[in-house]
Amino acid sequence: MNQETPKQIAILGSTGSIGTQALQVIAAHADRFEARVLTANHRWELLAEQARQFKPAAVVIADESHYEPLRDALADLPIAVYAGADALCQVVESPEVDMVLTAMVGFAGLPPTIAAIRAGKPIALANKETMVVAGELINGLCRQYQVPILPVDSEHSAIFQSMMGEVSPIEKIILTASGGPFRTFTCEQLETVTPAMALKHPNWDMGAKITIDSASMMNKGFEVIEAKWLFGVEPEHIQVVVHPQSVVHSAVQFADGAVKAQLGVPDMRVPIQLAFSFPERLQSDFDRLDWFTMHDLTFERPDTDRFRCLALAYVALHRGGNAPCIVNAANEIVNRAFLEGRCRFLQMADIIEETLQRATFIKQPTYEDYLQSDAQARRIAAAFLSSSFNV
Ligand code: NDP
Ligand code: MG
């Protein structure tokens, strides 16, 4: 029998794709993990349902307009109910919290992640936008507060797993990409793709924002930036390889030419569970690879002419400073606009590129600079969008 007290986990974004899968992991290992804090943006009913099942000490609804119905729904339970973005930062600081899973979407994940690091909480990092926007700042804070980051993104978990036990430097990261639903589309076909088509990812069932980012390959660009900051590898040593079957989750090549990869059935619960239990691996009933039905594992070069968002991420990475923050903010605007039918698929890269040219460049941004750059880039991208969109 395990005598340890269960690890107390705060899940920022418990109602999303990663959040709900994290709760499945917690439910399957109730002796090891407990949900201490659950949070959502506006889906308060699902949050209340989760709170009834998992009995956290506190819940937070970021959108304050849902505070009252949430509080009323949980009135018979000893659960503290808070609302607003600042409350997200406060709940992660609770002395009872042992680990914070950042499963929120977008730039909004940055302030609570920083609050968690300052409070000394290990981070299970799903919210890649945090590393894209402010990787250098986050790394500095992690060093200062001696806080580890456990990657949840499947590729970064695969890289992390491939590096376990290694003491020599990485020669090259092989970052795999499924290529998304439009992998084989021509530019002409990409002109007319719809949100419904983009939302049908071939291998992964994820939230809407990251699914659109996967279709445009902006997601892979962000993952290159995330890999640079998580593993200290320069972009010229990070090779994106399109691998449509999503079985090889990523790989690392060493100085002697040896390549170590992590393989598995696409299932985000594997990296989520490992981030929670590291350095141990826990038993699971997730599907296993079937080596005899897995016929063709194929690998292709990415096409940055058709998927320009990937190229733009490299431009931002080379420029450094607040350039990735600008690209992230512009992308959040065009991603939402595409989903809502206000922006065409190929127009997303145009607007991100224009925003990157127009927004104020800051070589060594502070936290305040990031907040301002994010706001400025959103304004610029929104202005481009309204001036250039015509169906
Ligand atoms: P979802 O859209 O499914 O869920 C997002 C969660 O965050 C929801 O709980 C949502 O609340 C909450 N949220 C959204 N915006 C805010 C905000 N402004 N303030 C507070 N809470 C907010 O996203 P995913 O689970 O797909 O992705 C989460 C993160 O993990 C992203 O950064 C993504 O890039 C990353 N990731 C996801 C993967 C996946 O398989 N899904 C794989 C690898 C990385 P509500 O439900 O109320 O809207
Ligand atoms: Mg990924």
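**The second largest pocket**

I began with the lining of the second largest pocket and found that its largest share, 5 residues, comes from α12. Before going on, I noted that this is a predicted model, where local features need pLDDT of at least 70, side-chain atom pairs count only at pLDDT 80 or more, and totals for chains, interfaces and linings use all residues. Residues are numbered from 1 along each chain as its sequence is written, chains are lettered from A and ligands numbered from 1 in the order in which they are written, and side-chain values use heavy atoms, with hydrogens and water left out.

I looked up who else contributes: α7 (154-163), β11 (259-263) and α12 (269-277) each give at least two residues to this lining. Helices (H or I, at least four residues) and strands (E, at least two) are DSSP runs, numbered from the N terminus. The lining holds 25 residues, and Gln262, Val270, Arg281, Ser284 and Phe286 are the ones nearest the pocket's centre. I counted classes too, and got 10 nonpolar, 10 polar and 5 charged residues. Here Ala, Val, Leu, Ile, Met, Phe, Trp, Tyr, Cys and Pro count as nonpolar, Asp, Glu, Lys and Arg as charged, and the others, Gly among them, as polar.

**The magnesium ion**

Which residues hold ligand 2, the magnesium ion, as protein donors? I found Asp153 (OD), Glu155 (OE) and Glu223 (OE), at 2.1 to 2.2 Å from the ion. Donors are N, O and S atoms within 2.8 Å of the metal (3.2 Å for Na, K and Ca); water is not among the atoms, so sites may look incomplete. I wrote the donor spacing down as D-x1-E-x67-E. Glutamate 155 in helix α7 and glutamate 223 in helix α11 (residues 218-231) are 68 residues apart, so this pair links distant parts of the chain.

I checked burial next (buried is under 20% relative accessible area, exposed over 50%, partly exposed in between; 1.4 Å probe, protein chains only). Glutamate 155 is buried at 8%, and glutamate 223 is buried at 1%.

**Ligand 1**

I found 25 residues around ligand 1, the closest being Thr15, Ser17, His42, Arg43 and Glu129; a residue counts as near if one of its heavy atoms lies within 4 Å. Oxygen atoms of ligand 1 turned up in several pairs. One lies 2.6 Å from a polar side-chain atom of glutamate 129, one lies 2.8 Å from a backbone N or O atom of serine 17, and one lies 2.9 Å from a polar backbone atom of glycine 207.

**Loops and backbone**

I moved to the loop between β11 and α12, where aspartate 267 sits. Aspartate 267 is buried at 14% relative accessibility, and its side chain makes a polar contact of 2.8 Å with that of arginine 269. A polar contact is a pair of N or O atoms within 3.5 Å; within protein, one must be able to donate a hydrogen and the other to accept it, and residues adjacent in sequence count only if both atoms are side-chain atoms.

I flagged a cis peptide bond from phenylalanine 278 to proline 279, with omega near 10 degrees. Proline 279 belongs to the loop between α12 and α13 (308-319).

Where does serine 246 lie? I placed serine 246 in the loop between β9 (238-242) and β10 (248-254). Its phi is positive, near 50 degrees, though serine 246 is not a glycine. Serine 250, in strand β10, also has a positive phi, about 155 degrees. Serine 246 is buried at 6%, and serine 250 is buried at 0%.

Notes:
On a 1 Å grid over the protein atoms alone, a cavity is a set of points where a 1.4 Å probe fits but cannot get out, and a pocket is an open set with protein on both sides within 12 Å along at least five of seven lines; lining residues have an atom within 4 Å of a point.
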